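Reader: I am new to this structure and should like to understand the terms used to describe it. May I put some questions to you?

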Amino acid sequence: MRKCVKCGLPENYADIRFDKEGICNYCNFYDQHRAVIQDEDFLKEKFREKIAYAKKKARENQSKYDCLVGFSGGKDSTYIIYQLKHKYHMRVLAFTFDNGFMTDYGKANIKNALEKINVDHIMFSVNEKRLRQQYSACFKMMKNFCAVCFHNMHYYSYLLAHQNGIPMIVNGRTMGQILQTADETYRLEPFETSDNLLDFEHQMFLGLEQKARKIPEMDYLEEIRGIEAVSYFAYHKISEEETRKFLEEKIGWQRPKGISGHADCFAHAMAEYMCMQKHGYPVRTGELAVLVRRGEITKEEAEAELLRDSENFQELPQEVKDRFYHRIQLKK
Ligand SMILES: [Zn+2]
């Protein structure tokens, strides 16, 4: 199989194209914009401006909160809430979408973090029947189901922010997740943010959201605008290990045990398995290619990690699959 000579992305990766030298469009895009994406001082300043604007707008709205943060119980969202509160002195409302895939580990982390950081928190769940319908339909159509959580999480974030006059939603997507399919600056941080749900989903769904909005049951809250979606890690460079150490020291955060990189979601292994079945490569393929472009890891290190993921998720124990199917099964 053909692979990008620089980052190692395979030829069946989403919308990939190679130039004469065998370099992919994602590497070329990154190199073109490297000076901005990696200018840490510029990014920090840009983030501070956003924070100042959000505080001002929250005052005008007479809101109790300056920002809303999606809180999964994983390290990234925990870290962001801590920093927004203590470093940026923001009034944070934390928001957890209970999708029925939460692990005991994730729940314990949420409880501990809320006790230590002291922010208000809303735990929210959706009508169970509708949620199962969404998971089942998405699973059948796309051999994927993470899109359902992503959409619901952000749908209710926008709704909640709107209802409470909160001008900013901060998310914990990593630089790898933000840039993994980026080859235009439209609605791409740090170049542009989005101020509504449809635009926010653009980089995640690559235009699919425009098709989805035509489905009668799908709602994109198109009347709600003016709430800025900001990815914390587009403006702050920190390694995963630094994040873990920081949280251990500050709030007694517990590391997950086992191999999964997403210990806050019990369906993560299933998502990996489905990705292997559908594409033949692991979920983190695009994210690790971004780290190669950034010079944080080598192409060989990325390949070794992806090989480990491939081996781990080539097949799953039947009970792991059964637990997932049971979760999304439609009930009579
Ligand atoms: Zn490449």
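Reader: Which residues have the most contacts inside the largest nonpolar core?

Author: They are Cys 67, Leu 68, Val 69, Val 92 and Val 170, in a core of 57 residues. This is a predicted model, in which local features need pLDDT of at least 70 and side-chain atom pairs count only at pLDDT 80 or more, while totals for chains, interfaces and linings use all residues. Residues are numbered from 1 along each chain as its sequence is written.

Reader: What makes this set a nonpolar core?

Author: Its members are buried Ala, Val, Leu, Ile, Met, Phe, Trp, Tyr or Cys residues joined through C-beta atoms within 7 Å. Buried means that 20 or more other C-beta atoms, placed from the backbone, lie within 10 Å of a residue's own. Of the 332 residues of the chain, 36% count as buried. Apart from the largest core lies another, of 20 residues, including Cys 149 and Phe 324.

Reader: With which residues is Val 170 in contact, leaving aside its neighbours within four places in sequence?

Author: Val 170 contacts Cys 67, Val 69, Ile 80, Leu 84, Val 230 and Tyr 232; for each pair, the C-beta atoms placed from the backbone lie within 7 Å.

Reader: Why does the span of helix H5 agree with expectation?

Author: A helix here is a DSSP run of H or I with at least four residues, numbered from the N terminus. The expected span is 1.5 Å times one less than the number of residues. The 15 residues of H5 (residues 128-142) should therefore span 21 Å, and its end C-alpha atoms are 21 Å apart. Just after H5, Lys 143 takes a positive phi of about 50 degrees.

How values were computed: Buried ≥ 20, exposed ≤ 12 C-beta atoms within 10 Å, placed from the backbone. Helix = DSSP H or I, 4+ residues; strand = E, 2+ residues; numbered from the N terminus. Contact = placed C-beta atoms within 7 Å.
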